[in-house]
Amino acid sequence: MSPNPICKKCGAPVGHGYFTALGFAWHADHFLCAGCNQPIREASFCQYKGHPYHPSCHLNRFAPRCAYCRKPLAGTYLTDYWQTSFCPSHQSEYPDCRFCNRLVPPDDQESGSVDQSSVRCLKCRAVAVESIVQARALFDQVIKWIKGQGLLYNDTKLNLLLGNQDQFHEHVNKHLKGTIDKHTLGVTLIRSFGVGGLNVRTEIRGVAILRSLPTALFQAVAAHELGHVWLTVHGMIDLSDCAAEGFCELLAYRWLGHMGTHESRYYATGIEKSKHTIYGDGFREIRRLAQIVGFDDLIRTLLATKHLPAA
C-alpha cells in the first residue's frame, strides 16, 4: 500500500480511519455491496468475481433455490435423482409421485386423488399412457424389439388389455387364481387345460397393463410381460418363480437400456436396486448368468433344454 493511499471507489486520499479489502483502500462509506449498492459494515463479506457482497445479498443472488418454495438453499438441502434441489422440510410436507418419486406440492396434485399412493407428478402425467390406441403402438414397438433379441412367439396373437386401478385388478383377478399385489402394474393372463391332473395345453389370453403409466414404465412392464409370454409359449413352465421373474426383469432392464433416456435409466436403476427376494434377487442372478454365458446363449439353452444354462 502506498504512503498516501487513495480510495478505490472515489479516487480521493482516504486519510485516517480507512480500511483495506480486496487489495485496495476504501473510505468506510465507499465499500459497497455489488448486490444492493449499500455500504458493507459487517466484519465479513462475500466475494464473487472480484466484487464484494453482503452475506445476505450473496445468498439471495447466487445460492441455489428450492424448486418448490423458491427460497435460497443455505446449509443442508436435499437433491433427488432428477437433480431437483429442495428444502428438507418439504420431504415430509409433500407426497411423492408413485412412479418417479418426485415430490408433488399441493398445486400440482390432481383433483380427486384419494390417497398419497395414487399421486402422480406433472411430468409423469404428461407422458401417461391413457388410451388403448396409444398403448398398442407402444406395445408393438416392444414386441418388434424383443423379436430382434431372438425371442419369437410362434405367431401367438398378443392381445393387450388396459384398465384403471379398479378395472385392472378386477379383470386380472377373474383370470388368475387368488389375488394380485396392489402394486402390480402388469400381468400375463394364462389359461391352462388339463386332463387327469396333467396340464395338456396352455393358452395365452392376453397381457394386461395398468392405465396411466408413464411411457418408459409402460414399455418396461410390457417387456417384462412379453418375457412371460415367451416362456409360456415355449413350454418353460418348470422354472422357479425367481428364475422366471428374474429373466423377465432382465428383458425389461435391457429394453430400458435400449431406450437410453433419463427416465428409462431411473427405472433401470430401480430394477438394479430392488430388494424384492424374487424380482430383485432373481434379476441379479439371471443378469450374472447372462454376463457369464452371453445373452444369446442363454436364449438358445432355454429353447433347447427348457432350463437355464449352468454358469
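Helix axes here are lines fitted to C-alpha atoms over the stretch in contact, and the angles between them run from 0 to 180 degrees, taken between N-to-C directions. With that in hand, here are some close-up views of this predicted model.

**View 1. Helix 9 meets helix 10.** Helix 9 spans residues 279-293 and helix 10 spans residues 295-305; their axes come within 6 Å and cross at roughly 105°. Because angles of 65 to 115 degrees count as roughly perpendicular, helix 9 is roughly perpendicular to helix 10. On the helix 9 side, the contact is made by Ile 286, Leu 289, Ala 290 and Val 293, and helix 10 brings Phe 295, Asp 297 and Leu 298. Sorted by class, the contact has six nonpolar residues, no polar ones and one charged residue.

**View 2. The aromatic pair of Phe 19 and Phe 31.** The whole structure holds 14 aromatic pairs. Phe 19 belongs to strand 1, while Phe 31 sits in the loop between strand 2 and strand 3, twelve residues apart. Phe 19 is partly exposed, at a relative accessible area of 27%, whereas Phe 31 is buried at 1%. Ring pairs also join Phe 19 and Phe 31 with Trp 26 and Phe 45 in a cluster.

**View 3. Trp 145 and Trp 255 pair edge-to-face.** The ring centres lie 5.4 Å apart, and the planes make an angle of 75°. Trp 145 counts as buried at 11% relative accessibility, and so does Trp 255, at 5%.

**View 4. Leu 103 in its loop.** Look for Leu 103 between helix 2 and helix 3. This residue is buried, with a relative accessible area of 9%. Beyond its neighbours within four places in sequence, Leu 103 is in contact with several residues, including Tyr 68, Phe 86, His 90 and Tyr 94. Ser 92 is eleven residues away in sequence, and its C-alpha is 9.6 Å from that of Leu 103.

**View 5. His 54 in the loop between strand 4 and helix 1.** His 54 is buried, with 9% relative accessible area. Leaving out residues up to four places away in sequence, His 54 touches Cys 33, Cys 36, Gln 38, Pro 39, Ile 40 and Glu 42.

**View 6. Charged ends over rings.** The charged end of Lys 8 sits over the ring of Phe 24, 4.4 Å from its centre. For Arg 102, the charged end sits over the ring of Trp 82, 3.9 Å from its centre.

Technical notes. Residues are numbered from 1 along each chain as its sequence is written. This is a predicted model: local features need pLDDT of at least 70, side-chain atom pairs count only at pLDDT 80 or more; totals for chains, interfaces and linings use all residues. Side-chain values use heavy atoms; hydrogens and water are left out. Helices (H or I, at least four residues) and strands (E, at least two) are DSSP runs, numbered from the N terminus. Angles under 35 degrees count as roughly parallel, over 145 as roughly antiparallel, 65 to 115 as roughly perpendicular and the rest as oblique. Contact means heavy atoms within 4.5 Å. Ala, Val, Leu, Ile, Met, Phe, Trp, Tyr, Cys and Pro count as nonpolar, Asp, Glu, Lys and Arg as charged, and the others, Gly among them, as polar. Buried means under 20% relative accessible area, exposed over 50%, partly exposed in between (1.4 Å probe, protein chains only). Rings of Phe, Tyr and Trp (its six-membered ring) pair if their centres lie within 6.5 Å; planes under 30 degrees apart count as stacked, over 60 as edge-to-face and the rest as tilted. A charge sits over a ring if NZ of Lys or CZ of Arg is within 6 Å of the ring centre and within 35 degrees of the ring normal.
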